[in-house]
Amino acid sequence: MKKALARLRKGYGKKLVSIHMWNAWLVLFLAVSGLLLVGGFWRELLGEGRVWLKWAHIAFGLVLLIPVIYYLLLAAKHWKRLKGKNSQKANVIFVLVLLIGWIASGIVLWQFRLAGPRAANTALFIHDLLTWVGLPVIIYHSITRVKWLKEPRKRSIVPETASEGEDRVAGGTQQPAAAQGPQPMYSRRGFIKAAVGAGLAITLGPTFVRWIGKSFQLPGAADYAASNANALLPDPVPLADSAPPIGGGAEGSFRVYTVTEIPAFDNSNWSFTIDGLVDKKFTWNWEEFVKLQREVQVSDFHCVTGWSVYKNTWEGLPLVKLLDMAGVQERAATVKFYSGDGVYTDSLTLAQARLKDVMVAVLHDGKPIPNQLGGPVRLVTPQMYAYKSVKWLNRIELIEEDHVGYWEQRGYDKDAWLPNAKRV
Ligand SMILES: Nc1nc2c(c(=O)[nH]1)N[C@H]1C(S)=C(S)[C@@H](COP(=O)(O)O)O[C@H]1N2
Ligand SMILES: [Mo]
């Protein structure tokens, strides 16, 4: 082992350079794939590709362990060389914390089923936070360090002489002390670095502020209710348990997911149908639908990608009541759900559909569900991951055969049960 390490450390300068290069390519791939995965805009476009991309992101994230471990094996020696160069040491620690934090939180997210929603939620927060902090630094580092920006003098990651290798995070110029003097404000490098910094702040700043606002539920953060584009009259009158919400108000915030444009509805283009293998088919318009007797429940909402919203007070129609109203025929085995977006569908077995907390929800925390979050009516399945929670639900069909839902066709697990659900 010792010998192997010694061999490894010989010529370690070249090795550090190649570690840096591999690391850079991996992080580039992970950054791009990660941004494509979170960006709502890409959901529809990527479709099945999204699931592949997710696996590639996980796989390359694990591969990132190799340069990290390889570096750690060389770290002792590198560290000695960095003696007295505190900003460079800080740089190394920053990068290591970033990479290890990304990998560790990524593993928890990957193993969300083992970890459970609470841990996944924390891991997602950490993963996002590190991305917010790390990515701008990395982009800045890459742009300000590309070759055409460099001094004619060659720079390498490994200091060749003791006098070299000052601060490398900011790509500090490496002029001999005598030539350093006060730098003119308008030096090419200085100007470009300032421009890159300002560009990053302007492009990433607002999104970052929004993310912080949502993560900590600061006042003024994403108020979907205020920008609800649905226009359905009359407003549903909330039951006493809904307003104020008996759950005390939801904790956390929804990330708006859609695979189509976000639809909006009004009385003229909205109706709700239950049909298929039932004794009595129904189609309600909005005025009729809001008259049906609703109930209230408090439940948590978990997305497989790691985020959760706790203590939602939902008011709506228990699915089992709708099924009983319509009279499910003997032959029916599957309940198929259609979205008013015309694309998204999912299904439950009859036994699952009869769970008493499966709800056709109309209000959230005492207010109409806004169109971004699937209103006027969405399905709620508290014991399953939220890809079952069909937004803009407008049709329920009882069928004999199985139905594979939108994301399940694209690689999501057919089994959507939460880790501690009582499966039926
Ligand atoms: N019609 C429709 N319903 C949908 C989706 C969708 O893309 N389209 N995404 C599902 C997924 S994966 C999740 S996590 C939740 C997200 O709900 P939200 O957008 O209200 O946060 O909706 C589910 N229902
Ligand atoms: Mo999801």
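A backbone N or O atom of Arg255 is 2.6 Å from an oxygen atom of ligand 1. This counts as a polar contact, a pair of N or O atoms within 3.5 Å. In Lys391 the side chain takes part, with an N or O atom 2.4 Å from an oxygen atom of ligand 1. The protein covers 100% of the 530 Å² of accessible area that ligand 1 has on its own, by the Shrake-Rupley method with a 1.4 Å probe.

This is a predicted model, in which local features need pLDDT of at least 70 and side-chain atom pairs count only at pLDDT 80 or more, while totals for chains, interfaces and linings use all residues. Residues are numbered from 1 along each chain as its sequence is written, chains are lettered from A and ligands numbered from 1 in the order in which they are written, and side-chain values use heavy atoms, with hydrogens and water left out.

## The shell around the ligand

Ligand 1 is surrounded by 20 residues, the closest being Arg255, Tyr257, Arg378, Ser389 and Lys391. A residue belongs to this shell if one of its heavy atoms lies within 4 Å of the ligand. By class the shell holds 13 nonpolar, 3 polar and 4 charged residues. Ala, Val, Leu, Ile, Met, Phe, Trp, Tyr, Cys and Pro count as nonpolar, Asp, Glu, Lys and Arg as charged, and the others, Gly among them, as polar.

## Cavities

The whole structure has 5 cavities of 30 Å³ or more. A cavity is a set of points, on a 1 Å grid over the protein atoms alone, where a 1.4 Å probe fits but cannot get out; lining residues have an atom within 4 Å of a point.

Ligand 1 takes up the space of the largest cavity, meaning that more than half of its atoms lie within 2 Å of the grid points. That cavity contains about 300 Å³ of space. Its lining has 24 residues, with Tyr257, Tyr344, Ala386, Tyr387 and Lys391 nearest the centre; 16 are nonpolar, 3 polar and 5 charged.

## Backbone geometry

Most residues other than glycine have a negative phi, and most peptide bonds are trans. The peptide bond from Leu233 to Pro234 is cis, with omega near 0 degrees, and that from Ala243 to Pro244 is cis with omega near -5 degrees.

Lys311, not a glycine, has a positive phi of about 55 degrees. Lys311 is in strand β4 (residues 308-318); helices (H or I, at least four residues) and strands (E, at least two) are DSSP runs, numbered from the N terminus.

Terms used. Polar contact = N/O pair within 3.5 Å; in protein donor to acceptor, adjacent residues only side chain to side chain. 1 Å grid on protein atoms, 1.4 Å probe; cavity = no way out; pocket = protein on both sides within 12 Å on 5 of 7 lines; lining within 4 Å. Points joined across faces, edges and corners; volume = space filled by probe spheres on them.
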